[in-house]
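Open your viewer and follow along. Each stop tells you what to select and what you will find there.

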Amino acid sequence: MEKTIFQYSSPGRIGVALPALDVPETVIPDQLGRNEPIGLPEVTEGQAMRHFVRLSTMNFNIEQGFYPLGSCTMKYNPRLHEFLARIEGLAAVHPLSSDSSVQGTLEIMHKLGEFLCEITGFEAVTLQPAAGAQGEFAGLLLIRKWQQERGEGHRNEVLMPDSAHGTNPATSTLAGLKVVSVKSDEHGRVDVEDLRSKAGEKTCAFMLTNPNTLGIFESNIEEITGIIHDAGGLNYMDGANMNALLGIARPGDMGFDVCHLNLHKTFSSPHGGGGPGSGTVCCRDTLRPFLPASTVVKTEDGYMLRDRTGKSMGRLLAFHGNVGVLYRAYAYIRTLGSKGLREVSEVALINANYMKTRLKPYYEVPNDDGPCMHEFVASGAEMAKKGVKTLDIAKRLLDYGFHAPTIYFPQIVKEALMIEPTETESLESIDAFVDAMIAIAEEAEEKPHLVTDAPVNTPVLRLDEVKAVKDLCLVEPVEYE
Amino acid sequence: MSIFVPNGKTQRERMLEVIGVGRFENLLTPVPESVRLKGELDLPSPASELELQKEFKGFAARNSSADLVCFRGAGVYDHYIPAAIDNILTRSEFFTAYTPYQAEVSQGTLQSIFEYQTMISRLTGCEAANACMYDGASAVAEAALMAIRSKRKNRVLVSGAVSPRTIDVIHTYLDSGDFEINEVPFGTDGLIDLEAADKLAEGGVAALVLQYPNYFGSIEDVQAAADLIHKHNGLLVVAADPVALGVLEAPGKLGADVVVGEGQPMGVAMSYGGPYVGFMATKSAFLRKMPGRIVGRTEDRAGNTGYVLTLQTREQHIKRAKATSNICSNQALMALANVIYLTLAGETGFTEVAKQCWHKSHYLNKRLLEIDDVADVFDVPFCREFVVNLPVSAETAVTAMAEVGYLAGLPLPGLGEGAMMLTVTEKRTREEIDGFVEALHQYIKGAR
């Protein structure tokens, strides 16, 4: 338990030494000024450090232990990147600087764009989207603008499998489009006949994660993308699972027309407790005219930042994207090169298949009809019948010193446990995790209360989410002296 | 074997044996041969850590903008960033944690967000805040959508004195839906024309979007705008500069229903446009229409205080197509930078920063007006940014000032060839301000 920062406050304390005012004062008119104090805490630097360091010790993190969070690609984040992104000449640059005065940054952005196009098999790119969901939005707008120009603005349906990430349908709504859900077959792949029956003259796009959210490669991918193209729609790939495909297969070669990449997953930017990420979007050359502002072009006079042009979708952010994240992705690709990137995916696949094989005698793995890609989904449905839910298993893993997998997603699997080891875990740590999972399965049989009472070795015991909603408390109550 | 992959030949062979496939290629059977990449990706050869450091220093050296003394703002400000911020941000525990889905091992992130929500709500004068948005501009667009949901009206009014970049983002977010955006002109004083807004609001609108201080630095009458739009049963969305709120009355206290803004000025590097962070605060009544993550206080099984993500039934992972927004990953680490900044500066320091910005920008303004034929474009109170008209082209003046080491203000050609918008933060010394004024004066004399 750590007090809130407000409870350390005492009038007059300050945590940063500011320069003295060295110009004459100008009166701030009374009627414009604040009537009462803001209510910010007043502490010294030492008190602030102690507070935030204490808080930090209550966080699990990838540099502490294994984080098998499916679809989130929690891999190690190289420390070199933090040094690079903080170089003064990169960090202290105003976004409205003239192009000639930011040639270094524009060169990185341009080269990164080329790398990512090569990796995905596309020709055009925008680095502006702040996160995967904003990349999806940009991708759907690209498709929509292209269709509108061809007089096909009536296409207002986005097809997606029932296993899609929640952001896919939410993004479709934001883009003013209707969601049409496509069934999964008994192996967890897109039901091709259901897709065929739903694709038609209203089809704007098909959104697909590949490998899908079950960690399964869509083996019928060419047939799938062909069905959509024949119906006049375009194919969008949610690149959340790109960690499975580096140097192995490219979305552009599978019949996709657009895809977003989560640079904070596959390309190793740290997740920062929820962000920042980057949702770079790569696409075919035909969609280039519709890209948002802030694309970089190489000219004889150097690199130029292009603002939104006539056909552009406009602007997703005020400025040019999460540039600091772009530096890290550039450094990651430069460190690994083509062989190193291929190795990332190869080992991610080996690690996931190894875990699946070891866990299968203890946990059901539905839809298992061959090798998985970089992740797989197990089910706790059998244990749930005996009173130990997937949520309990997740909490018990915390006691064993591991982060939990992604749970209850995808929704097509009951009591789902979505497990992604990534390539940066050693055989030893994977074995230790599997051993813990096996021990929990045994506990569930013999001493289920150990699981249902979990966690007990964490900074707090299981938290009451219902109370949080019922007795809503979102801010510290104001207490003026 | 790369430095990031611990499983080498020995381990991989053992694992493949356990899997029962013998060779790695056998794991690729689900991937049809026809879509597999033939050959290798065409990428540069791998670089060592030392080589990358040199390469990046080369890139940095080609960013001459970083060496200029900055008088440019337009939504991004060159403030001092206390050293302790990065120290905390780069701690593994904050830096390499995922979204706090497992609350029991994420109390550090969750409590810091709770403190962030508290500080943002106090700064904006609103009852509640969310855990953050991508940036200030996308936060404004999301606020407009939130108003549309709350009021079930498809039209919003946007002041023409809102940043043109923000207006672009509102269009990008709203144009694909069945929504209408009407721009309210600003008067010769640079402030929103409330009479025009009144007429445009007839027939019902979801919201009026106002910037405070506005794009030109002028201080809008938030209370009057609130009274007007409430009369039409719409919401007032205010895009506020957080540092200005260190001296100006909080918009929430002046009738604003949703207050959003760009958090960059609170401890986040300019970094050529990002990562930044948007904040969003509102009245309790509109909480359930709000996008983004929200942290709430609760108790554990033993009755100890703890924090969790709450009101999640608004969000995409539960509500899918009916979610209040598609946002998932946000800019959490930058929100943490904000909360550490507001803690270190505190009540005294933060208001001092705001006051220094006020005094120094007014000092620059007065000094510039001493130059012959330099005049204010608008004759209303400004906060920390202002527009002057130069007797020369603002564009060419910017180029000339860069040659002598200054990033001059932003040219605003829409207000005239000589129009330049300038800002001064607490980082600028009187010597730097005087030096800039003198250099600009000399340039103007020479150019005429």
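Which unit do S3(B), helix H7 (residues 164-174) of chain B and S4(B) make? Select these three elements and trace the path. They make a right-handed β-α-β unit. Keep in mind that this is a predicted model.

**Stop 1: strand S3 of chain B**

Stay on strand S3 (residues 155-159) of chain B. Four of its five residues are buried, so S3(B) is largely enclosed by the rest of the structure.

Five bridges join S3(B) to S4(B), and the two run parallel. Pick out B:Arg155. Its bridge partner in S4(B) is B:Glu180.

Next, show strand S5 (residues 207-212) of chain B. S3(B) runs parallel to S5(B) too, joined by three bridges. Click B:Leu157 and look across to S5(B). The bridge partner there is B:Leu208.

What holds such strands together? Strands of a sheet pair through backbone hydrogen bonds, either parallel or antiparallel.

**Stop 2: the whole of chain B**

Zoom out and select chain B. It has 13 helices and 15 strands. Its C-alpha atoms fill a box of roughly 85 × 55 × 50 Å along the principal axes. Of its 448 residues, 63% count as buried. Look at contacts between residues at least 6 apart in sequence: 72% of them join residues at least 24 apart.

**Stop 3: two domains**

Colour chain B by domain. Domain 1 takes in 65-79 + 346-447, and domain 2 covers 106-341. Their centres, taken over C-alpha atoms, are 28 Å apart.

Where do the two domains of chain B touch? On this boundary, 25 residues of domain 1 are in contact with 20 residues of domain 2. Select helix H11 (332-369) and strand S12 (385-389) of chain B. Each supplies at least two residues of the domain 1 side that touches domain 2. H11(B) gives the most to that side, with seven residues. Colour the domain 1 side by residue type. You will find 17 nonpolar, three polar and five charged residues.

**Stop 4: a sheet in chain A**

Move to chain A. Which strands form the open sheet here, and in what order? Three strands form it, in the order S10-S12-S11, and the pairing is antiparallel. Strand S10 (376-379) and strand S11 (406-407) of chain A are the edge strands, and each pairs on one side only.

Finish with S11(A) and strand S12 (residues 416-419) of chain A. Two bridges join these antiparallel strands. Select A:Thr406, and you will see A:Met418 of S12(A) standing opposite.

Note on methods. Residues numbered from 1 in each chain as written. Chains lettered and ligands numbered in written order. Predicted model: local features only at pLDDT ≥ 70, side-chain atom pairs only at ≥ 80, totals over all residues. Domains from an automatic or database assignment. Contact = placed C-beta atoms within 7 Å. Nonpolar A, V, L, I, M, F, W, Y, C, P; charged D, E, K, R; others polar. Buried ≥ 20, exposed ≤ 12 C-beta atoms within 10 Å, placed from the backbone. Pairing = 2+ DSSP bridges. Right-handed = clockwise from strand over helix to strand, strands pointing away.
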